[in-house]
Amino acid sequence: MKATTVGYSKSRTFDLILSAMLIALVFVATLLLNIRLPIAANGGLVHLGTGMLFIASILFGPKKGAIAGAVGMGLFDLVSGWTLWAPFTILARGLQGYIVGKIAWSNGRRGNSMPFNLLAAIVSIPVMLAVYFLCERVLFGSWIIPLASIPGNIVQNVVGMAIALPVCVLLKKVSAFK
């Protein structure tokens with residue numbers, strides 16, 4: 001009985017450490033390189049956090065991807081002057097991470113199929129766009145103003161895919177990720 005408890009405890013500890021590391025990686029990737037777009041007041045940011053969200057979701061599945069994206073980017077909003085956006089980011093990026101991981105890990109794939117990883121990222125983008133659009137609609141009271149943030153969000157996701165997908169292919173060759 002003791003061996004089972006010790007094994008379970010080690011597994012839970014590893015799970016907690018892995019989740020914390022993924023959150024930190026998303027946060028740092030968002031914080032270190034972000035470019036505010038000069039597209040209206042709500043033009044948004046282009047940052048590398050989206051790429052790290054894709055990597056976390058593809059390598060570790062939907063739950064880890066959702067947690068890493070929601071908490072990592074939500075923390076960024078809280079500490080960098082985008083505080084009003086934090087609840088929306090938590091929702092949008094949590095859903096995005098979950099969708100990417102769910103598709104990439106569907107039918108036992110475990111993120112091993114490049115076409116499904118690409119599909120996962122592409123399918124997640126309209127969901128993220130819709131959540132931010134609806135939130136901006138509420139904040140700005142307009143259906144037109146939120147349109148200004150869509151191009152920046154698309155660029156951010158395309159850059160994230162361009163970085164994450166090749167990185168995942170390389171990391172999947174490492175024995176720890178097989």
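The largest nonpolar core holds 34 residues, of which Phe 54, Ile 58, Tyr 132 and Met 161 touch the most other members. A nonpolar core is here a set of buried Ala, Val, Leu, Ile, Met, Phe, Trp, Tyr and Cys residues joined through side-chain atoms within 4.5 Å. Two or more residues of this core come from each of α1 (2–32), α2 (49–60), α3, α4, α5 and α6 (150–171). The helix that gives the most is α5, with 8 residues. Helices (H or I, at least four residues) are DSSP runs, numbered from the N terminus. In soluble globular proteins, nonpolar side chains tend to be buried together.

The model is predicted: local features need pLDDT of at least 70, side-chain atom pairs count only at pLDDT 80 or more, and totals for chains, interfaces and linings use all residues. Residues are numbered from 1 along each chain as its sequence is written, and side-chain values use heavy atoms, with hydrogens and water left out.

Rings of Phe, Tyr and Trp (its six-membered ring) pair if their centres lie within 6.5 Å; planes under 30 degrees apart count as stacked, over 60 as edge-to-face and the rest as tilted. By this rule there are 3 aromatic pairs. Trp 85 and Phe 88 form an edge-to-face pair, because their ring centres are 6.1 Å apart and their planes stand at 70°. Both Trp 85 and Phe 88 are buried. Trp 85 also pairs with Phe 140, with centres 6.3 Å apart and planes at 50°, so this pair is tilted. Trp 85 lies in the loop between α3 (62–79) and α4 (86–104) and Phe 140 in helix α5 (residues 114–140), so the pair ties together parts that are 55 residues apart in sequence.

Buried means under 20% relative accessible area, exposed over 50%, and partly exposed in between (1.4 Å probe, protein chains only). Trp 85 counts as buried because its relative accessibility is 14%, whereas Phe 140, at 35%, counts as partly exposed.

Arg 110 is located in the loop between α4 and α5. Its relative accessible area is 47%, so Arg 110 is partly exposed. The C-alpha atoms of Arg 110 and Gln 156 are 25 Å apart in space, and the two residues are 46 apart in sequence.
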